[in-house]
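Good morning, and thank you for making time for this presentation. I would ask you to keep the sequence and the structure in view while I speak.

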Amino acid sequence: VSRVAEPAVRGPLRSIVARMIDEDANTGASSWSSPSPRLRVLRRYEVAAGTLASLTLVIAATLAAGATAVAVAGAVAVIAAGALADVVAARRVRAWGYAERADDLLVRRGVMFRRTSVIPYGRMQYVEVTAGPFERAFGLATVQMHTAAAASDARIPGLHAVEAARLRDQLTSLGEAHAMGL
Amino acid sequence: VSEPTAPELPAGSPSPAPQAFAGLGGDWQRLHPLSPLVRAGRGVIAIVVVLLIPLLSSQRGSLSSDLIHIGVLLAVFVFGVISWLVTRWRVEGGVLRVESGLIRRTSERFPLGQIQAIDTVRPGLARVFDLAELRIRVAGGSGRAGRLAYLTAAEAETLRARLLALSHGVAEATPAPPEQALLTVPPGRLLLSILLTGTGLALELTLGGLLVLAILAPGAAAAAISVGAVGLFGLVIGLFRRFNGDYRLTVASAADGLRLRSGLVETSAETIPRGRIQAIRMVEPLAWRPFGWCRLEVDVASQKSKGRQDRNQAKAARALLPVGSRAQAARLVDSVFPGLPDERCAPPARARWKSPLRFRYLSWGANDRYAVTTSGRLRRVTDWVPLAKVQSVRQVEGPVQRRLRLSSIHLDTAGRRVHAVVRDRDRAEAAQLLRELPNRCRQARQVEDRRRVAPARDQDIRDRCR
């Protein structure tokens, strides 16, 4: 993220840029990495599948009852909801980010509730890489970090499988270098 | 029984005093013969009594029912004897070994060097027979405890002292490290405080209502009691359990941690090693405010595991001080976490819009070793967390907070219940905290590690032995 002088930007962009500057100042991290762009595609497919399923259900149910007008209205509503879900999913994908610093890993997520976690390498007990069937089809994987605290467990979804493996190895070796007990 | 020699004894140390029993030489020992009976508990005893009564009474039933009764009794007896026969323990080469089970044999090893604490638990039935259970807690790993249930009370006390001495690498006959009593909770105060908790007040209101109803309409009251008796009984049992567990709770400070003794029917003496304390929480309920009372809870590191023993451990971790004055609490907190921060800063005034009820209690403070946060809606809750124990730092910003430019910082520890939250701070301040706190935690940890390399406590114990 390049630093933009605040007064130069006006209008709706201003708050976005302000937030970007804010975030930069927030964490002191200059290089945020984000999940693979394929995660966006995966989420879109998921939303589409969900929309299609409910569309079929709504149309079948209303047509069986013989109400064509209701069927049309229902279909429109479902498609609109699907489009909205797609927009939300896109924003949520964009919100994910992580940055590897000298001593700790930063993970940020969330649109409504924005969370930024700082996890020291030495506190990581183990790192887990999982990939569900859909993720695997897209060549993606989720990296999950576990510390002794149940509340601090952080994960990064939708990483390219190669990047996930690299991150896992990196975190594990850094964890060993910084290792400490409870 | 072997000769009372102790191979682990360091050369040149004073010879052990006359021994109450020989054991640490290395031979296999059995538990007390009544152990299966006590362990089986009230249920089995009730069954045995129910079966015995017809056998002993003058009105004999038929021969076949007698035979069945005798058979069941024999089976229970044989089962108990076998379980007693196959359970044995020994100390050998610096390791405590416990073997049990006939068909599925288990053998557990507890290296003495890793013993963190030894707790004594005495359920009501065990006290009738003057027995006690030793629970050996080992550092690290699964956090599982070794159980020796049951030994006679005197034997348990001696064995505890010896195992502790061996685990600290001093002469076997050294008495258990001395402890300094900090405070005792008076039973009257405990009773009053329990009656003033949420459950207690609910019970009192219900009983009061029933009384009024009984005066106005006896029939309706009888009906209400017959319907709600089970629930009412449950409430009373729950309150009694609290009273029983915290009765005459005494806190003492020993070299290896805080020692808590308590109990009316079941008594226990447990040690909470200082290094395992992840956080302390002080709660000041609304109903206790006229008396200026508060409750202290400690949270210890715990792995997610199941089982009875773990539940007991959780119970022990709950209340360090079930009820006490603020001065007592302050003294206790200071003995666990010396040098707490005094300064607290309040959140910005606009946080009132986000947390109208909490606002008056919200504050936080920190020095280079500890962080403290206060919160709570009706009751005030104060959390202390050593920075060296913080596992991760999180910034969370909800939609309402974003409108108000506020942010919360969470300090996560390995404890189960308590984790400190610095709520509703100015966003810039929160951002600065998120940047600074991980570094501060790292420094605190390094200081703590250096302290652990040269532990003062072992030296302390050795000095006392001379």
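Predicted model: local features only at pLDDT ≥ 70, side-chain atom pairs only at ≥ 80, totals over all residues.

**Salt bridges, a strand and an interface**

Let me begin in chain B, where a salt bridge brings together the side chains of Asp426(B) and Arg350(B), at 2.4 Å from N to O. This pair links distant parts of the chain, 76 residues apart: Asp426(B) belongs to strand β20 (residues 420-426) of chain B, and Arg350(B) to the loop between α9 (326-336) and α10 (351-354) of chain B.

Please move now to Arg425(B). Its salt bridge is with Glu429(B), and the closest N and O atoms of that pair are 3.3 Å apart. Here the two partners fall into separate classes: Arg425(B) is buried, with a relative accessible area of 2%, whereas Glu429(B) is partly exposed at 24%. Elsewhere in chain B, one network is formed by salt bridges that share partners, and its members are Arg88(B), Arg90(B), Glu92(B), Arg97(B), Glu99(B) and Arg105(B).

A further pair in chain B is Asp130(B) and Arg122(B), whose side chains meet in a salt bridge of 3.2 Å, N to O. Asp130(B) is partly exposed, since its relative accessibility is 44%. Over all chains, the structure holds 30 salt bridges.

Arg425(B) leads us to the next residue, Ser363(B), which it touches. Ser363(B) is located in strand β15 (residues 363-366) of chain B. With a relative accessible area of 14%, Ser363(B) counts as buried, because the limit for that class is under 20%. Which residues does Ser363(B) touch, if those up to four places away in sequence are not counted? They are Arg344(B), Cys345(B), Ala346(B), Val372(B), Thr373(B), Thr374(B) and Arg425(B). With one of these, Thr374(B), the side chain of Ser363(B) makes a polar contact of 2.6 Å.

Let us turn to the strands. Strand β16 (residues 370-375) of chain B is joined to β17(B) by six bridges, and the two run antiparallel. Within that pairing, Ala371(B) has Val385(B) of β17(B) as its bridge partner. The hairpin of β16(B) and β17(B) has four residues between the strands, and in it Gly376(B) takes a positive phi near 110°.

Why is β17(B), which spans residues 380-386, described as largely enclosed by the rest of the structure? The reason is that six of its seven residues are buried.

I come now to the interface between the two chains. On the chain B side, 25 residues are in contact with 27 residues of chain A. The size of an interface is often given as the accessible area lost when the parts come together. Between chain B and chain A, the buried area is about 2400 Å², and carbon and sulfur atoms give 49% of it.

How many salt bridges are counted between chain B and chain A? The count is two. Among them is the pair Arg442(B) and Asp104(A), whose side chains meet at 3.1 Å, N to O. Across the same interface, ten residue pairs are in polar contact, with both residues at pLDDT 80 or more.

Which elements of chain B supply at least two residues each to the side that touches chain A? They are β18 (392-397), α11 (399-403) and α12 (427-453). The largest share, seven residues, comes from α12(B). By type, the residues on this side of chain B divide into ten nonpolar, five polar and ten charged.

Strand β3 (residues 114-120) of chain A is joined to β18(B) by five bridges, in an antiparallel arrangement. Within it, Thr116(A) stands opposite Gln395(B) of β18(B).

Finally, a residue in chain A. Leu84(A) is found in helix α3 (residues 68-95) of chain A, and with a relative accessible area of 57% it is exposed. Leu84(A) and Thr51(A) are 33 residues apart in sequence, and their C-alpha atoms are 11 Å apart in space.

Conventions
Residues numbered from 1 in each chain as written. Chains lettered and ligands numbered in written order. Heavy atoms only, no water. Contact = heavy atoms within 4.5 Å. Buried area = accessible area lost by both parts, 1.4 Å probe. Salt bridge = Lys/Arg side-chain N within 4 Å of Asp/Glu carboxyl O. Polar contact = N/O pair within 3.5 Å; in protein donor to acceptor, adjacent residues only side chain to side chain. Nonpolar A, V, L, I, M, F, W, Y, C, P; charged D, E, K, R; others polar. Pairing = 2+ DSSP bridges. Buried < 20%, exposed > 50% of the residue type's maximum accessible area, 1.4 Å probe, protein only.
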